[in-house]
Amino acid sequence: MRLVLLGAPGSGKGTQAQRLEARRGVPQVSTGDLLREAVAAGTELGRAAKAVMDAGQLVDDATMLGIIRERLARPDAKRGFILDGFPRTLVQAEGLARLLDDIGQPLDAVVLFEIDPLVLERRLAGRRTCRRCGRVFHLESNPPRAGEFCTDGKPHELYQRPDDTEETVRRRLAVYCERTQPLVDHYAEQGLLRRIDADGSLDDVGARLDAALREGV
Ligand code: AMP
């Protein structure tokens, strides 16, 4: 299974990618997570990417294509992959197509997570991540349950991603409309696009994703 999950920030593609990875044993490849790891490790890439990410802008295409080339060369990606947050520009989509062509592993499908922008702003404003285990919660719709603990037995230590603040969220949604939305037509023309309604419970959206994938992956 070789998939791209396409959708605005906050559309839930990361959460569904994690759940799909657990169900199918195919790795989620999130370029946002790879960049955040580089920031946390203080590498040269991380230092360069941090300012760009905090401003809600996109890291340059050549850097992103290098990251994805390296990641897809790792052994676990031989079984397939679920791309989450990549590609985000037409140049990245074209670079990805060339890379997959080189390794003889073309995409099976691109799933578009469709959702109202107002719902997105609410989702992103309430999103919190556990600093230790990386689990993603929402203050209103998916808070940590009372008595539920993190992997080390302590309560989850929640923080807000620096790029989830109101102003940066607006910038990220504008960047999505301008740079990433053109990919919808691009993949539709190639006959790869499947659309799902991304508003609903985690289970409902997961079921819609499974149904879209049954159409032929
Ligand atoms: P995400 O976790 O997917 O929302 O990504 C967080 C941030 O990482 C984005 O706002 C960008 O600054 C950067 N980023 C992640 N993926 C890409 C990509 N494919 N191209 C450019 N920048 C990216």
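In this predicted model, a nitrogen atom of the ligand sits 2.9 Å from a polar backbone atom of Gly85.

| Residue | Part of the residue | Distance to a ligand nitrogen atom |
|---|---|---|
| Gly85 | polar backbone atom | 2.9 Å |
| Val59 | polar backbone atom | 3.1 Å |
| Gln92 | polar side-chain atom | 2.9 Å |

How much of the ligand does the protein bury? Taken alone, the ligand exposes 480 Å², and the protein buries 96% of that. There are 16 residues around the ligand, and those that come nearest are Thr31, Arg36, Gln57, Gly85 and Gln92. Helix α2 gives the most to this shell, with 4 residues.

Let us stay with Thr31 for a moment. You can find Thr31 in helix α2, which covers residues 31-41. Is Thr31 buried or exposed? Its relative accessible area is 3%, and because the cut-off for buried is under 20%, Thr31 counts as buried. The side chain of Thr31 also reaches the backbone oxygen of Gly85, at 3.0 Å. Beyond its neighbours within four places in sequence, Thr31 is in contact with Met64, Ile68, Asp84, Gly85, Phe86 and Arg88.

Now turn to helix α7, residues 166-180. This helix has 15 residues and reaches 20 Å from its first C-alpha to its last, close to the 21 Å expected at 1.5 Å a residue. Which residues of α7 are buried? They are Thr168, Val169, Arg172, Leu173, Val175, Tyr176 and Thr180. Looking down the axis of α7, you would see these buried residues fall within an arc of 160°, so they line one face of the helix. On the other side of α7, Glu166, Glu167 and Glu178 are exposed.

Our last stop is Ile196, in strand β8 (residues 193-197). Ile196 has a relative accessibility of 5% and counts as buried. Setting aside neighbours within four places in sequence, the contacts of Ile196 include Val111, Leu112, Phe113 and Glu114, as well as Val205, Arg208, Leu209 and Ala212.

Definitions and conventions
Residues numbered from 1 in each chain as written. Predicted model: local features only at pLDDT ≥ 70, side-chain atom pairs only at ≥ 80, totals over all residues. Heavy atoms only, no water. Helix = DSSP H or I, 4+ residues; strand = E, 2+ residues; numbered from the N terminus. Buried < 20%, exposed > 50% of the residue type's maximum accessible area, 1.4 Å probe, protein only. Polar contact = N/O pair within 3.5 Å; in protein donor to acceptor, adjacent residues only side chain to side chain. Contact = heavy atoms within 4.5 Å. Expected span 1.5 Å × (residues − 1). Arc of directions from axis to C-beta. Near = heavy atom within 4 Å. Areas by Shrake-Rupley, 256 points an atom, 1.4 Å probe, with all protein chains shown as cover.
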